[in-house]
Amino acid sequence: MQLNVAQKLIKEHLLSGEMTPGEEIGLKIDQTLTQDATGTMVMLELEAMDLDRVKTEVSAQYVDHNLIQDDYRNPDDHIFLRSAARKFGVHYSRPGNGVSHPVHMQELAIPGKTLLGSDSHTCANGCMGMLAMGAGGIDVAMAMAGEAYHVEMPRVMGVKLTGELPEWVSAKDVILEMLRRHSVKGGVGRIIEYYGPGLDNLSAMDRHVIANMGAELGATATVFPSDDEVKRFMAQEGRGDEWVELKADEGAEYDDHDEINLSELVPLIAKPTSPDNVVPVTEIEGEPIYQSYIGSSANPGYRDFAIASLIVQGRYIANGISFDINPTSRQLLQQLVENGHIANLLGAGGRMHQAGCNGCIGMGQAPATGQNSLRTTPRNFPGRSGTKEDSVFLCSPEIAAASALYGVITDPRKLDMDYPEVAEPKPIKTQEMLEAPPEDSSGIELEKGPNISEIPDFEPIEDDFELPVLLKMGDNISTDEILAGGSRVLPYRSNIQKISTFAFEGVDSNYHNQAMIRLEQGGHTVVAGHNYGQGSSREHAALAPRYLGLKVVLVKSFARIHLQNLINFGILPVTFENDDDYELIEEGDTLQFNNVRQAIQGDDPFEVTLKKSGDTVLVSHSLTRRHKDIMLAGGIINWVKQRQ
């Protein structure tokens, strides 16, 4: 049988199940990635499991999200994470080293390996010929403990690339074109695999840009082959001996198909407030902006900053513009300094920030009220920037730099200059970028600050109950809307009681108070449309509402990672059998559930009664045998304890 790259990766790591789309499979995980916004919970979960040392080939803990130290909470957690990394045998990346995804790509990524990360953009490392997937923190903790990772076997969508990118068009425009065609739901249940002659014209970091925003398509993973370009990149990083070739077999088939002629692409931009709201920049050029932001895991490469530097070199940005420069790694920052690009950016009026996620996760650089912000980041969900009524556009570094010069959204092809040529920087190997764990960690103790609390215990779901509908929401509700990121919220990532006060605040500021009242009466439910829970993998978006008494989520469809997070924390995820029944339910209605535990154990749809009207709606679940056991136990932590 002729296999594509994704199928080869899955076959090599298959521990259970069959490679039939829709069937549950168990995969061996070689590497894991955690970051500080999610890693604190992962380390607490490892402690709860009494784990001595991780069972993976390599695991890494990065500090890249919560870098602002305006009180003790973030630095305390940094100390805790380092102590946990040393105790459990995990590599540690200190604050300032940079964003996890490009640093992992530089330091640890190996073609042919699996990578599971507690960050939805872990898929970026698919650029290296890896099967790299985002997941909830507790799934990553289980993988670190040596357990298989379970996921439905995805369909593989082959995207053939031909041609070569024109001047003023770059890799960001490729993934924006995919989002324009397929939407934020287009990758659900799929691995996106890129192949074809167009790959010869895309660098490893160009591929990172494309793979990173596979998360915005909702894809399980994005996969590129490991070819001569990956070999060149690894050699430049001093790891050429770790390279292995991994390509699709001649004549390999794909479940779904698409083709992009790179030569035909134009500069694209995603309008607020969704990554798939994509149009050619010519449709909205001239719109005034307040901010132009370059950096993040979606444009983390040397050329992404260098091209902006060369565009603004010898010029000055428009008055009133905040031109924010967010380097993505310590190594990259050194290279940019050495080649004069930081001087160019600062000389043009740029604002330099430390290497990290920063404004992408709402950790600083929030735009002004009622003002447009251009960003090379991966997401523009409502309020993600840190400003409640934000207006964020996603674009390439070319558009961001050109627009900063003129103070309005600008088609970079109209600049009075030739397209800059970016020279390859000389290799820089940052010494001891990652701190390796000690061989013997038996005497190491976890160092916990006062903000770190234990994971609460949860009871299993009952058989019969009534739940009020506290929220009725529409399509594409993101995890940022369920539980925001940013500098107000994420410092409480290890304090569930406190972080729960922010739950759903962007949807209904009174949700927390109402949920606390209903908690005394048995809990509540929420209702929504399609693609519920898109975006971040942060499990707090399930854990915090669960703490407030959320028992059931009833929607038209779920995003993959959030669905698993709901199951992991014992929240029953059900979908409408008939989407039109969504219209029958109003916020404030009470839903009656009967014989729920029996319904969980079966596979047939079951009825839910609307108490006020007496109407019934038919709902169903997609739980696997393993999911059913977890749900009946009240969540994965209870399930693990029962197995011990």
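**Helix contacts and nonpolar cores in a predicted model**

In helix α2, Asp-36, Gly-39, Thr-40, Met-43, Leu-44, Leu-46 and Glu-47 meet Asp-77, His-78, Phe-80, Leu-81, Ala-84 and Phe-88 of α3, where contact means heavy atoms within 4.5 Å. By class, the residues of this contact comprise seven nonpolar, three polar and three charged; Ala, Val, Leu, Ile, Met, Phe, Trp, Tyr, Cys and Pro count as nonpolar, Asp, Glu, Lys and Arg as charged, and the others, Gly among them, as polar. The model is predicted, and local features need pLDDT of at least 70, side-chain atom pairs count only at pLDDT 80 or more, and totals for chains, interfaces and linings use all residues. Residues are numbered from 1 along each chain as its sequence is written, and side-chain values use heavy atoms, with hydrogens and water left out.

Helices (H or I, at least four residues) and strands (E, at least two) are DSSP runs, numbered from the N terminus. The axes of α2 (residues 36–48) and α3 (residues 73–88) come within 10 Å and cross at roughly 45°; axes are lines fitted to C-alpha atoms, for helices over the stretch in contact, and angles run from 0 to 180 degrees between N-to-C directions. The two helices α2 and α3 are therefore oblique to each other (under 35 degrees counts as roughly parallel, over 145 as roughly antiparallel, 65 to 115 as roughly perpendicular and the rest as oblique).

A second pair, α7 (residues 204–212) and α8 (residues 228–236), has axes that come within 9 Å and cross at roughly 110°, so α7 and α8 are roughly perpendicular to each other. Ala-204, Met-205 and Arg-207 of α7 and Glu-229, Val-230 and Phe-233 of α8 make the contact, with four nonpolar, no polar and two charged residues.

The largest nonpolar core has 109 residues. A nonpolar core is a set of buried Ala, Val, Leu, Ile, Met, Phe, Trp, Tyr and Cys residues joined through side-chain atoms within 4.5 Å; buried means under 20% relative accessible area, exposed over 50%, and partly exposed in between (1.4 Å probe, protein chains only). Helix α5 (residues 137–144) supplies the largest share of this core, six residues. A second, separate core of 53 residues includes Tyr-62, Met-130, Met-213 and Leu-262.

Helix α19 (residues 625–633) has seven of its nine residues buried, so it is largely enclosed by the rest of the structure. Among the elements covering the buried residues of α19 are β2 (24–27), α17 (560–568) and α20 (636–643). Just after α19, Gly-634 takes a positive phi of about 95°.
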